Amino acid sequence: MKQLLSIFLAILCLQSCYSQNQPSKKTSMDQSKNNTHPNYSHTDSSKLVLTNSEWKNLLSPEVYAIAREKGTERPFTSPFETSKKLGTYHCAACGNPLFKSNAKFDSGCGWPSFFEPITKSSILYLPDNTLGMKRIEVECGRCKAHLGHVFEDGPQPTGLRYCINGVVLDFEEK
Ligand SMILES: [Zn+2]
């Protein structure tokens, strides 16, 4: 009986130690992990067309609000904005490779900024005349997720600034 009791106590102790080691809250850096789904791929470049309700089932509410409803994250909230890590930034909705870390620069505008995409077809460009401004919206070339905008005040060699919502980026470290 005594033996049983000590085994029981040992299990209880192990359980409580185990639960203490579990992260209580996911950080936004881990956000991408919630978005992997059967169509998510870092290598499949075939176009991905899904309905909004299908996307809603696949994406976290934060990613859905920006990718499918053209929302904008609050400035200076993305951990990617100041990150200097080497690697590749993918679309958080479908996994499409979008930007290399060596095309990233510190624009100070509050959102992760890049001067060029990985390939021409990584990105789609659309005129955006909302909010009384003439801007060029950028979307993912594979799934048409809204990413942000591109401006002509970036550094050389392109002179472009791709101003991207960090929520819709998924980083793979080199
Ligand atoms: Zn995409």
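Q: What makes a residue buried or exposed?
A: A residue is buried if 20 or more other C-beta atoms lie within 10 Å of its own, exposed if 12 or fewer, and partly exposed in between, with C-beta atoms placed from the backbone. The model is a predicted one, in which local features need pLDDT of at least 70, side-chain atom pairs count only at pLDDT 80 or more, and totals for chains, interfaces and linings use all residues. Residues are numbered from 1 along each chain as its sequence is written.

Q: Why is F114 called buried?
A: F114 has 27 C-beta neighbours inside 10 Å, and the label requires 20 or more, so F114 counts as buried. F114 lies in strand β4, residues 113–114. Strands are DSSP runs of E with at least two residues, helices are runs of H or I with at least four, and both are numbered from the N terminus.

Q: What does F114 touch?
A: Leaving out residues up to four places away in sequence, the contacts of F114 are F99, A103, K104, Y162 and I164. A contact here means C-beta atoms, placed from the backbone, within 7 Å. Between the C-alpha atoms of F114 and L160, 46 residues apart along the chain, the separation is 7.9 Å.

Q: Why is K84 called exposed?
A: K84 has 7 other C-beta atoms within 10 Å, and the label applies at 12 or fewer, so K84 is exposed. K84 sits in the loop between α3 and β1. Its C-alpha atom is 8.4 Å from that of K104, 20 residues apart along the chain.

Q: How do you know that β5 and β6 are paired?
A: Two strands pair if DSSP finds at least two bridges between them. Six bridges join β5 to β6 (residues 135–140), and the two run antiparallel.

Q: What makes β3 and β5 edge strands?
A: The open sheet of six strands has the order β3-β4-β8-β7-β6-β5, with antiparallel pairing. β3 (104–105) and β5 (123–128) each have a single partner strand, so one side of each is left without a neighbour in the sheet.

Q: How do you know the order of the three-stranded sheet?
A: The order is β2-β1-β9, open and antiparallel. The edge strands, β2 and β9 (169–173), each pair on one side only. Neighbouring strands are turned by 30° against each other on average, direction ignored; the axes are lines fitted to C-alpha atoms, for helices over the stretch in contact, and angles between N-to-C directions run from 0 to 180 degrees.
Between β1 and β2, three antiparallel bridges are found, with H90 opposite P97 in β2. Between β1 and β9 there are five bridges, also in the antiparallel sense, and C91 stands opposite L169 in β9. The hairpin of β1 and β2 has five residues between the strands, among them G95 with a positive phi near 90°.

Q: What makes a set of residues a nonpolar core, and which members touch the most others?
A: The members must be buried Ala, Val, Leu, Ile, Met, Phe, Trp, Tyr or Cys residues joined through C-beta atoms within 7 Å. The largest such core has 34 residues, and V63, C91, A93, A145 and V168 touch the most other members. Two or more residues come from each of α3 (61–67), β1 (87–91), β2 (97–100), β6, β7 and β8, and α3 gives the most, with four. V168 touches V63, I66, A67, C91, A92, A93, A145 and L147, not counting residues up to four places away in sequence.

Conventions:
Contact = placed C-beta atoms within 7 Å.
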